[in-house]
Amino acid sequence: MDDRWYVLRDLARPNAKHPAYQRLLAMPEMAGYVFVPLKQRVFTEFGKRVVRFVPYMPDLIFVHKTRKELDPIVREMELLQYRYVRGGRQYEAMSVRHKDFEKFKEAVEQTDRVEYFSYEEVSPRLYGKQIRIIGGRLNGFVGRLMSKKGSKNKRLLIDLQECNLSAAIQVESEYIQVLE
């Protein structure tokens, strides 16, 4: 198995009935190898409010397959393509190390309320010290402490530097250890 998670783009419209990530998730051979960062969103349908999970970024998909296995799938699905590294070598597909992505994915799956941010959205005044979580559902995770003005909740900010994405996960104060 390739030791990377490839970052793909879904070129379908955000309101498409069958976006690429749903088609990928429906493929039996892709079970457990596809991850899409989701957020909760409230919709009004037929006069009633409905809560649904929708992609944080409509065109962001992570897939853990080798490039050899993934190339035929990308060629077959016309609205699916690799994301490429900006400013890097020509045609270098964006990817994330397996170890880094598994930590990120595990933390995100531990809670229902995850907030995603791009690096541009997280200014230095929003994050603080390096912390480690001791105990609880996120035991052993290391990241930055995020604080929002007026919020009493403390959040652990976990970064995926390769693709400009951070996830903020609410943590309990008693489990926080400040690292020096």
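A residue is called buried when its relative accessible area is under 20%, exposed when that area is over 50%, and partly exposed in between (1.4 Å probe, protein chains only). The legends below concern a predicted model, in which local features need pLDDT of at least 70 and side-chain atom pairs count only at pLDDT 80 or more, while totals for chains, interfaces and linings use all residues. Residues are numbered from 1 along each chain as its sequence is written, and side-chain values use heavy atoms, with hydrogens and water left out.

Helices (H or I, at least four residues) and strands (E, at least two) are DSSP runs, numbered from the N terminus. Helix H3 covers residues 98-109, 12 residues in total, and reaches 16 Å from its first C-alpha to its last. This is close to the 16 Å expected at 1.5 Å a residue, where the expected span is 1.5 Å times one less than the number of residues. Phe101, Phe104, Lys105, Ala107 and Val108 are the buried residues of H3. They lie on the same side of H3, because they cover an arc of only 165° around the axis; the arc is that of the directions from the helix axis to the C-beta atoms. Lys99 and Glu109, on the other side of H3, are exposed. An α-helix has 3.6 residues a turn, so residues three or four places apart point the same way.

A pair of aromatic rings is described by the distance of the centres and the angle of the planes. Rings of Phe, Tyr and Trp (its six-membered ring) pair if their centres lie within 6.5 Å; planes under 30 degrees apart count as stacked, over 60 as edge-to-face and the rest as tilted. The whole structure has 7 aromatic pairs. In one of them, the ring centres of Trp5 and Phe101 are 4.4 Å apart with planes at 35°, so the pair is tilted. Trp5 belongs to strand E1 (residues 4-10) and Phe101 to helix H3, so this pair links distant parts of the chain, 96 residues apart. Trp5 is buried, at 1% relative accessibility, and Phe101 is buried with a relative accessible area of 0%. Phe62 and Phe101 also form a tilted pair, with centres 4.7 Å apart and planes at 40°. Phe62 lies in strand E5 (residues 61-63), so its pair with Phe101 of H3 ties together parts that are 39 residues apart in sequence. Trp5, Phe35, Phe62, Phe101 and Phe104 make up one aromatic cluster.

Two strands pair if DSSP finds at least two bridges between them. Strand E11 (residues 154-160) is mostly covered, with 5 of its 7 residues buried. Strand E10 (residues 142-146) pairs with E11 in the antiparallel sense over 3 bridges, and Met146 has Arg155 of E11 as its bridge partner. E11 and E12 run antiparallel and are joined by 7 bridges; Leu160 stands opposite Leu165 in E12. These two strands form a hairpin with 4 residues between them, and Asn164 in the turn has a positive phi of about 60°.

**View D. Ser166 and Asp159.**
Ser166 is part of strand E12 (residues 165-171) and counts as buried at 1% relative accessibility. Its side chain makes a polar contact with the side chain of Asp159 at 2.5 Å. A polar contact is a pair of N or O atoms within 3.5 Å; within protein, one must be able to donate a hydrogen and the other to accept it, and residues adjacent in sequence count only if both atoms are side-chain atoms.
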